[in-house]
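This report describes one structure, beginning with a single residue and widening to the whole complex. The sequence and structure are shown first.

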Amino acid sequence: MNLMNFVYAFLLLLAAFVFQTTLTGINRKVVARLQRRRGPRFYQQFIDIFKALSKGSTTHGWVFDFGVVMALGGIMATAIFIPFGPLKAVPAMDNIFIIAYVLAVGMLGMAMSASGSGNPWASIGVSRALTNMLAYDIPFMMVVFGLIFAFDTSSLSGLAAIQREGGFLGWHVIRFPLGGIVAMISLQGMLGKKPFDSFIAPAEIASGPMVEYGGRHLGMLFLLHEFSTFIEVSLIVHLFFGGGATVAAFLVKYALIYTFLNIVSNVLPRFKIDQAVTFFYKVPLALAVVQTFLIIVVGMGVA
Amino acid sequence: MTFDILIVLMFLGAVTAYLVSKADLKAGAYATVLFSLGALVLLLLGRGEIGSEFTILFMGFEVTTIGWYFSGVMVLVYAMTAFFNSYWMDKMIYPGSYNFLYLFSLGGTVGLFFAKDLITLFIFWEIVVWSSTFIVPMGKSRRAAVVYYTISTIGSMATLYGIMLLHRISGTLDIQGAFAPLKNDPVLATVIFFIFIMAGLTKIGIFPFHIWLPLAHGSAPHTFSPVLSGGLVKMGAFIAYMSVGILPAYEAFKGSLTVMGIPIQIYALMILGAVSIVLGTLMAIKQDDAKKLIAYSSVANGGYILIGILLMDQLAFAGSMMHLFNHAIASAAAFLAIAVVAHRTGTTKISELGGMIHRMPLTYLTYLIAIISLAGIPPMGGFVSKWLIIQGLADQGLMFMALAAFFGSIGSFLYVFRPLAAVFLGQLAPRHEELASAPLLMKIPMTILMVLILFFGVLPGWILGIIGQIQVAAGIEPVMMSGNSILAVNGVLNTLNVFMVFGFGFLIALVIFMLMQKSRRVGLMDTYTSAEFIYTPELYHYGSAFYAPFERLYARHPSVEDFLMALAYKGHEAGLMVNALFFSHKPGVTVFWITVIVAVVTLGGVGL
């Protein structure tokens, strides 16, 4: 690692931010059209973020501040590990388990800061968010485990490159359809979209973890949300949709998947948290185990 | 020369500490600090003597790399925890004996890891079991000690039987020689394997022997829980290593049925490990006592360690060896942090605490770093070891072990966060507003442990080097490093780069934070309350039943404890029956039994 890596990393972060924030803006418009509204301008999300950052705020002690910095820092570090199409800021660091666990640093920082506010609504939200994570991550990791066993690599770009060899039909979502379904459902959980959004339920627990934030704290959490969305959607694009031979291909796939999930989210109601756990352990986990069994024991779709 | 001095010094130190305690309690506690630190220094100085042999009285010892490594872990935990001893002297009934047993058990563990023959091994094993059995009831409960001793005895008696069987077969008690004839006899090897490993399983707390951990760890004196969880549990891992590594289980079971290339005998134990991970995680999530919570997390982590050791491969074995060290220091640090809270507030119940960060920030930081490592999140040590274990499992395609490992990993976020949120964060109760922070002597070990956890997470090279030597000695491929990168079959981990990228991200976030308008500081009660007026901070704190919706899902789970309690009750009933039949106060009954016995003896004699 030298200075150039860090400059490169910074530029990629900036690109990821601009892209995802624009996409969020466009999706706000898409949702509005679904609901027969006109919707905000596509750059409204940028305005919201910078406005929040520039406003005054209150703090509940050093851990409230430190947690936000740790959360955004951890999430940005994770985003640096994600290959941006074919581009990588840091070579040989896109190991899927590293990404999955570095991601947790950010989550922990956010949870810590929220609980540090002293507001019980925040703690309830965090407890739900963690339970949600226990639900969606296990099926997802199981499928990933099967992929790693099949192709002897846990590098995201490596797994993406393998898929591109066979063209469209080589994509893992085609070769391992059960795994693809599991990954899409898990992604919905990761993104915290309906039906798995009970941890931020605004009317029920006053937005949960977000309840006490304002001003720069809230602005940074907006940033965090854009970056974590970028990480999670990219994971699926790389693992199941062939990644990207070019940046453009990567971004198109990314945008389509994200918009699709967003539309799905807007026509669904909300699961209670225990319903979400039961659902994930009944359907996606069973599918994931079957898929992994087929890969490891039968070798189906591998050769 | 260093190691016989070390072992003898610990036993002499035990007596010295006892005598000093008679004169002055605090001085006796400081003696335990000095002696255990001395042991640490001697151990580090003696690294060059690996491979040498020595004898004390009739007992033979051999300094092996793995023995040195295990002793290092153990002595480090003992030495760090010893700093806390002096604060509990006035709370114990027998403080002098506590100091004595503390060093006595330390001597026992070191001797155990260097034992050259099986009898020496057993003697030192029992020294540790007995001395810790007497320390446990000095805490909250006598029953905990009874359960601990009973479970330990099941293990040690099985192992003793295994040792005698080995002696009968091979005619030697030497560790290397005794197992040699088993290589060509799979049936006998299977029997010895299961009998011998029993002591290990009971000590690690593998299902169904896990029930002693929450009881003993939860109710032992606050200063001994870190040693129990961080240290003594690891003795079991040593026995597990002997059962697969020295026995050569893989060689002996060559003809057996295999599952994914693993002999069925070993696979069966790995399933127990996986069950322990899931069970420990689920139970830890619902505990209200912080110490019991960490105890159940030890059950889960014991499962990881057992699976890794049983695999005896390049990655998972290395991960498991490193996890042993990482879990030892992280769980010791977590227990110590809780001990500070208990020292200041008098309770370890999560629902009775809150907001401790505002009174003891360093303790909070210690707990935070410890749990980040326990949960296996970078850049702490626990991440490196869990990463190695999971890469190893992925390499072998052991999907059900991996399922348990993933569940344990994500589940650990849940249970480690619970004390963080409810003990250290949240509302500070008014009755706790005047609490002082941790005393200086407690801050020293906590700071050292924090630095160690972080250091070995960023630069694990030194430890992995030692583990590589252990692997070479055990005849397996050593874990590969190149610079700061760990090279696994299916992935590369450069911990320094992870740390640097994380630092970079943190820096950007910090710059954004600093550039923006300064925030106004408000109190903890100055929060959104849905327009209610709330004046009691205790009531505005989310501390009990933290994961209520999730806990509800398995509230009515079957429990092995219930079964064992029923068994104990039946045993008690049988005892009552024997009592009623033989130990009657009526002379007639006694005369009857004497007549019967005399008759049986006489007739039996005639028959012969």
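Because 20 C-beta neighbours lie inside 10 Å, L218(A) counts as buried. The model in which this residue is described is a predicted one. L218(A) belongs to helix α10 of chain A, which covers residues 215-240. Leaving aside residues up to four places away in sequence, L218(A) touches A52(A) and Y213(A). A52(A) is 166 residues from L218(A) along the chain, yet the C-alpha atoms of the two are separated by 6.3 Å.

**Confidence**

For the complex, the predictor gives an ipTM of 0.92 and a pTM of 0.90. Chain B has a mean pLDDT of 87, and 99% of its residues reach 70 or more.

**Contact between the chains**

Chain A places 74 residues in the contact, and chain B places 65 residues there. On the side of chain A that touches chain B, helix α5 (residues 120-151) gives the most, with 16 residues. By residue class, that side of chain A holds 43 nonpolar, 24 polar and seven charged residues.

**Strand pairing**

Strands pair both across the two chains and inside chain B, as set out in the table.

| Strand | Partner strand | Direction | Bridges |
|---|---|---|---|
| β1 of chain A (residues 58-59) | β8 of chain B (residues 520-521) | parallel | two |
| β1 of chain B (residues 53-56) | β2 of chain B (residues 59-62) | antiparallel | four |

Within chain B, E53(B) has E62(B) in β2(B) as its bridge partner. The hairpin of β1(B) and β2(B) has two residues between the strands, and L57(B) takes a positive phi near 55° there.

In soluble globular proteins, nonpolar side chains tend to be buried together. The largest nonpolar core of this model has 330 residues, of which A333(B), A334(B), A402(B) and I453(B) touch the most other members. Helix α5(A) supplies the largest share of this core, 21 residues. Which residues does I453(B) touch, not counting those up to four places away in sequence? The contacts of I453(B) are I329(B), A330(B), A333(B), I369(B), A370(B), S373(B), M380(B) and G381(B).

**Domains of chain B**

The domain assignment of chain B gives domain 1 as 117-503 and domain 2 as 564-607. Taken over C-alpha atoms, the centres of domain 1 and domain 2 of chain B are separated by 46 Å.

Technical notes:
Residues numbered from 1 in each chain as written. Chains lettered and ligands numbered in written order. Predicted model: local features only at pLDDT ≥ 70, side-chain atom pairs only at ≥ 80, totals over all residues. Contact = placed C-beta atoms within 7 Å. Nonpolar A, V, L, I, M, F, W, Y, C, P; charged D, E, K, R; others polar. Pairing = 2+ DSSP bridges. pLDDT = per-residue confidence, 0-100. Core = buried A, V, L, I, M, F, W, Y, C linked by C-beta atoms within 7 Å. Buried ≥ 20, exposed ≤ 12 C-beta atoms within 10 Å, placed from the backbone. Domains from an automatic or database assignment.
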